[in-house]
Structure formats: structure tokens, C-alpha cells
Amino acid sequence: MNLTFRLLLLTLRVRLSPRRLSLWDESRTPFRVTLTDLDPLRHVNNGKYLSLLDLGRLDLLLRSGAWHTYAERGWYSVVSAQTITYKRSLTLGQRFELRSRVLGVDERAVYMEQTFVRRGDVVARAVVQARFLRRTGGSVSPDELLAATGGSPRDLTLPAWVSAWAASVRISSDDRG
């Protein structure tokens, strides 16, 4: 199924849903594997997982109201790094959900954990590092993001392994490729 169609369905579902989330809740976004999700081996293509991650993050941001809050300020997010581990395959017609939650923040970025689950079993798990930018230029600090959403009811200190991963994938300004 085309990602644009899924985006329209997600937007409609969010508008019709009476249940709102906090930005600190876990969102659960339902999906079904369609023909256009598959690769030649007849399971979900690894690149499709990354596209679905975008929809899961959008679901959490829309349902929590953070999307609107950030857009009013001219802020938008970009993925600056991500890692994903696959455990099982998804095949045509299978239903699954994508669970998305904020893991924590550091001085530069916000980190999310996103897990694909089918019938209670983990299919794949990703950690995504996102930075927020200003449409007028420059970046938005995590402190500004937290202030705009009313702060967090829990500790947002990153697990040590996420901090180590973030440091290991950072590209310095000295890297010229």
C-alpha cells in the first residue's frame, strides 16, 4: 500500500479517535502487510520498515498534540541516526502494530524506541535519534522542546547503551567523506 494512502488513513484515524496521548505515552499504530510492502523474497522489505517508522512517530506526535505545538513555532524534526534489528519476518496480509515511545534526550537530540509487534512477538526494534530544526534556521534544543510540551513527568536520561551508540555514529564536522 502506498505510503501516502497510509498517511491519509493515519491522519483520519487520529482525527476520529477520541483517545489522546501524552507525548510520554506509548503509541500503538496498527498496520497490515500489503503487496507493495514486499521484496522479491515475499517478506516486508527492510526499507519499508524505515518508512513505517516515520508514520509511527507521526502518530505519537499528532495524538499528543506535540505536532501542532511544534509547527506553530516553526519547528520540524529530522532523523539524524537510526538503528534497527530484525528478529522475524512479516509476510503478506499479516497484521502488526508499531509501538513508539520517547526513550530520552541528550544535549542534541531526542531518542525514540519503536518496536514492530505481531501477536505479542517482537518482529523488529529500532532506536531513532531525531533533531528538531527551525524553519528560520538553526536547531531547537531538547530543553526548548520539553518546555513547549510542558516538561516530562519522568526521567529522560538515556540508557548508557543509547548514549554510547549515539557517540559512535556521530559524524564530526572534520569528516569530509
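## Arg-63

Arg-63 lies in helix 2; helices are DSSP runs of H or I with at least four residues, strands are E runs of at least two, and both are numbered from the N terminus. The model is predicted: local features need pLDDT of at least 70, side-chain atom pairs count only at pLDDT 80 or more, and totals for chains, interfaces and linings use all residues. Residues are numbered from 1 along each chain as its sequence is written, and side-chain values use heavy atoms, with hydrogens and water left out.

Arg-63 counts as buried because its relative accessibility is 9% (buried is under 20% relative accessible area, exposed over 50%, partly exposed in between; 1.4 Å probe, protein chains only). Leaving aside residues up to four places away in sequence, Arg-63 touches Arg-13, Val-14, Arg-19, Arg-20, Leu-21, Ser-27 and Arg-28. Contact means heavy atoms within 4.5 Å.

## Helix 1 against helix 2

The axes of helix 1 (residues 3-16) and helix 2 (residues 46-64) come within 10 Å and cross at roughly 20°. Helix 1 passes helix 2 in a right-handed crossing. Helix 1 contributes Leu-3, Arg-6, Leu-7, Leu-10, Arg-13 and Val-14 to the contact. Helix 2 contributes Lys-48, Ser-51, Leu-52, Leu-55, Leu-58, Asp-59, Leu-62 and Arg-63.

## Strand 1

Side chains alternate along strand 1 (residues 27-32). Ser-27, Thr-29 and Phe-31 point to one face and are buried.

Strand 1 pairs with strand 3 (residues 95-105) in the antiparallel sense, over six bridges; pairing requires at least two DSSP bridges between the strands. Phe-31 stands opposite Phe-96 in strand 3.

How values were computed:
Axes are lines fitted to C-alpha atoms, for helices over the stretch in contact, and angles run from 0 to 180 degrees between N-to-C directions. A crossing is left-handed if the near helix is turned anticlockwise from the far one by less than a right angle, and right-handed if clockwise.
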